[in-house]
Amino acid sequence: MGFVYNQSPAYLVGLLSRLFSQAMSTRLASHEVSPAQFPVLLCLWQKDGQTQSEICRRIHVEQPTLSNTLQRMVRDRLIRKEQDSNDRRQIIIKLTKRGKALKPILVSSALEVHHLALKGLQEQESNDFVRLINMLIMNLESDISEDPLLLENAIDCPLQSAQNMKNNKAHKAHKTHKSKKSQASQEVPRAQNTKNNKAHESNKSKKPQSAPLVLRDIDIVRE
């Protein structure tokens with residue numbers, strides 16, 4: 001089966017995410033909350049008083065992105081920042097009264113979008129969908145530390161061919177490593193031989209030279 005972009009998991013999951021965001025945006029707008037702020041609120045509703053690093057790990061966003069979101073949430077009176085009483089270097093993020101009061105309204109809106117998206121699916125189908133999505137997430141998270149395939153080499157390849165390309169790449173890397181290790185082992189005696197040769201040349205150059213021959217009267221034999 002060839003690669004069809006608009007039927008690929010990446011395209012469909014991305015489209016689904018945008019549609020979820022749009023559906024939530026229309027419901028959050030009347031409460032002056034953005035879709036980017038909603039995950040932070042959900043995180044703090046579960047556990048109020050967290051550091052920025054903790055929130056980053058929980059909702060899987062980068063520090064700079066979250067920093068901008070938190071600044072807007074402070075401006076919109078959804079959260080406040082306080083110094084940690086035990087460690088004044090740490091900043092703790094806490095909900096304001098307004099942030100806490102919005103919980104029942106916004107959670108209800110999120111559940112409305114959730115049920116709308118799953119309309120027509122049986123409970124088992126919904127559970128299977130979530131299970132499969134989590135499986136895709138785990139697969140990609142395990143791939144983060146590996147070198148990616150070049151798109152131009154993989155775009156038209158079946159999955160097995162793409163895997164073969166990755167295996168070949170790993171084999172070449174292993175072969176290169178062995179070659180470098182072999183070269184390094186050969187360099188040791190080569191370097192030693194070079195050192196010995198230099199020492200020999202040095203000793204040779206230091207060897208006393210014979211005095212020049214001087215003919216004296218007694219050295220001349222006349223017939």
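Helices, as I use the word, are DSSP runs of H or I with at least four residues, while strands are runs of E with at least two, and both are numbered from the N terminus. By that definition, Ala117 is found in helix α6, residues 103-117.

Before I continue, a word on the source. This is a predicted model, in which local features need pLDDT of at least 70 and side-chain atom pairs count only at pLDDT 80 or more, whereas totals for chains, interfaces and linings use all residues. Residues are numbered from 1 along each chain as its sequence is written, and side-chain values use heavy atoms, with hydrogens and water left out.

To return to Ala117: its relative accessible area is 40%, so it is partly exposed, given that buried means under 20%, exposed over 50% and partly exposed in between, for a 1.4 Å probe and protein chains only. Ala117 and Ala23 are 94 residues apart along the chain, and their C-alpha atoms are separated by 9.7 Å.

I turn now to the strands, where pairing requires that DSSP finds at least two bridges between them. Strand β3, residues 91-95, runs antiparallel to strand β1, residues 50-51, and two bridges join them; here Thr51 stands opposite Ile92. Strand β2, residues 79-83, also pairs with β3 in the antiparallel sense, over five bridges, and Gln83 stands opposite Ile91.

Finally, the aromatic rings. The structure holds two aromatic pairs, counting rings of Phe, Tyr and Trp (its six-membered ring) with centres within 6.5 Å; planes under 30 degrees apart are stacked, over 60 edge-to-face, and the rest tilted. One of them is the edge-to-face pair of Phe38 and Trp45, at 6.2 Å centre to centre with 75 degrees between the planes. Both Phe38 and Trp45 are buried.
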